[in-house]
Amino acid sequence: MNATINTAAASSIAVGDEIELDITNVAHGGVCVSRYGGRVVFVADTIPGERVLARVTEARKKSFVRASTVRVITASEHRREHVWAAASLDRDPAERAGGAEFGHIDLAEQRRLLASVITDSLRRMAGIEREVVVEAAPGDDECNGLGWRTRISLHTDAAGRVGPYAARTHTVVEVPDYPLAHHEVAMLTLGLPGTVRAGQTLDVIAPSASPPFVAVSEGSRGPQRGAARIRERVGSREFELSKTGFWQVHLAAPDVLTAAVQDAIDPALFDPAADNLDLYGGVGLLAAAVLDRFPGKTRITTVESDVLATECAADNLADSPGAYAQTGRVDRYLANYQRGATPAELARMRAATIILDPPRSGAGGEVCAALISLAPAQLVYVACDPVAFARDAATLTAGGYTLTGMRAFDLFPHTHHVEIVATLVRSDLLGSRSVSAE
């Protein structure tokens with residue numbers, strides 16, 4: 001290991017160097033920010049306001065380096081004993097389990113930091129000034145944000161070790177427990193060592209309405225796909241999905257997002273006869289939220305590229321005669337709609353409410369441009385990445401939409417991930433109504 005460097009005037013920093021840093025603020029991605037020798041340093045396992053000794057882990061870029069805290073010199077008042085010993089400072093950075101990068105911070109401060117990331121992203125990327133409060137999921141404060149994960153992925157290496165990857169690596173680390181995991185998931189993991197082969201990935205899953213199980217995949221291939229289905233319960237509904245299909249990880253997340261999407265829809269702008277859409281619709285969770293909020297003759301089409309998910313969505317929404325499930329990429333679906341729509345269909349689209357729940361990378365410029373061109377009355381955007389959302393919000397607001405409402409939810413306690421539910425209304429509709437940007 002290189003000797004500790006104590007001068008900020010150092011002209012070069014190498015991997016392995018240990019440097020003292022004053023932490024100024026939080027950045028997206030579960031790291032905090034400092035400066036050293038004219039370069040930005042992204043530092044893991046620390047908190048704004050702390051002074052730490054950190055080991056450089058990456059120094060390939062001229063503008064920034066990455067480092068991990070090895071010792072706290074001046075601690076923040078918000079520092080707590082890490083909720084997962086396997087990810088704490090007691091372990092060497094190369095052996096710290098990934099997936100709980102905020103586990104050393106008290107929950108209230110975690111949420112304040114998440115809110116600051118959202119606020120900063122909107123200000124910098126979209127020119128939107130908006131204060132945000134990150135809300136807890138029901139029950140999380142009572143259990144200190146533990147036991148919520150209904151799905152975890154574990155890996156095996158050539159030496160037979162089974163466990164998660166170390167933070168920001170593909171190195172398997174052995175751990176004695178999984179405190180973020182739902183108790184059924186944690187119990188299943190106990191019998192895994194000795195039953196798996198090198199190179200396998202194990203997805204341990206505990207559905208809310210089906211028995212828990214382990215899905216095994218080999219190497220870089222995903223879990224084997226097939227017709228087998230599992231069931232998840234949300235309120236009075238049950239949803240079928242393929243055993244390896246996408247579902248929210250937090251036990252309470254489907255209920256939280258269902259209620260948040262229902263609240264985000266402005267009923268004065270909702271037209272049940274319009275060409276309402278649920279884009280990136282998965283197995284129909286959010287389309288069902290719309291149908292339950294506006295029961296009767298509501299029309300809504302889910303659009304999802306995964307064939308198995310679309311098949312499940314069709315079954316899950318079969319009791320609603322106005323619901324349709326369409327397999328296809330969202331960008332292509334919107335482009336085809338624009339090319340082939342009749343004047344009557346375009347009018348129905350302008351009256352529409354569109355729900356979109358894109359992947360972490362966001363909807364992107366092409367999809368946002370198509371939405372601006374089609375000009376639906378309102379968009380309800382469900383986002384799992386604040387930077388991607390801010391980028392899309394910049395495009396949409398420049399194209400004629402106004403952000404009229406936004407909530408954020410801590411559905412991944414002790415991590416940097418956060419969920420956003422936002423409403424964007426076509427700006428020309430605001431003048432004649434009571435709706436106004438907050």
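**Helix contacts, strands and confidence**

Reader: What is the handedness of the crossing in which helix 1 passes helix 9?

Author: Helix 1 passes helix 9 in a right-handed crossing; the term applies if the near helix is turned clockwise from the far one by less than a right angle, and left-handed applies if anticlockwise. The model is a predicted one, in which local features need pLDDT of at least 70 and side-chain atom pairs count only at pLDDT 80 or more, whereas totals for chains, interfaces and linings use all residues. Residues are numbered from 1 along each chain as its sequence is written, and side-chain values use heavy atoms, with hydrogens and water left out.

Reader: Where do helix 1 and helix 9 lie, and how do their axes cross?

Author: Helix 1 spans residues 107-126 and helix 9 spans residues 386-398; their axes come within 8 Å and cross at roughly 35°. Such axes are lines fitted to C-alpha atoms, for helices over the stretch in contact, with angles from 0 to 180 degrees between N-to-C directions. The elements themselves are DSSP runs numbered from the N terminus: helices are H or I of at least four residues, and strands are E of at least two.

Reader: Which residues make the contact of helix 1 with helix 9?

Author: Helix 1 contributes Val117, Ile118, Ser121, Leu122, Met125 and Ala126, and helix 9 contributes Pro386, Val387, Phe389, Ala390, Arg391, Ala393 and Ala394; contact means heavy atoms within 4.5 Å. By class, 11 of the residues in the contact of helix 1 with helix 9 are nonpolar, one is polar and one is charged. Here Ala, Val, Leu, Ile, Met, Phe, Trp, Tyr, Cys and Pro count as nonpolar, Asp, Glu, Lys and Arg as charged, and the others, Gly among them, as polar.

Reader: What makes the angle between helix 3 and helix 4 fall into its class?

Author: The axes of helix 3 (residues 253-264) and helix 4 (residues 285-293) cross at roughly 50° and come within 9 Å. Helix 3 is therefore oblique to helix 4: under 35 degrees counts as roughly parallel, over 145 as roughly antiparallel, 65 to 115 as roughly perpendicular, and the rest as oblique. The crossing of helix 3 and helix 4 is right-handed. Pro254, Leu257, Thr258, Val261 and Gln262 of helix 3 meet Leu285, Leu286, Ala289, Asp292 and Arg293 of helix 4. The contact of helix 3 with helix 4 has six nonpolar, two polar and two charged residues.

Reader: In what sense do strand 13 and strand 14 pair?

Author: Strand 13 (residues 229-234) and strand 14 (residues 237-242) are antiparallel over six bridges. Ile230 stands opposite Leu241 in strand 14. Their hairpin has two residues between the strands, and Gly235 takes a positive phi near 60° there.

Reader: What is the pairing in the sheet of eight strands?

Author: The pairing is mixed in this open sheet, which has the order 8-20-21-19-18-15-16-17. Its edge strands, strand 8 (134-136) and strand 17 (323-327), each pair on one side only. Strand 18 (residues 353-356) and strand 19 (residues 378-383) run parallel, joined by four bridges.

Reader: Where is the pLDDT under 50?

Author: The pLDDT, the predictor's confidence in each residue from 0 to 100, stays under 50 over residues 433-438. The chain averages a pLDDT of 93, and 93% of the residues score at least 70. Over residues 1-10 the pLDDT is below 50. Where pLDDT is low, the predicted coordinates should not be read in detail.

Note on methods
Two strands pair if DSSP finds at least two bridges between them.
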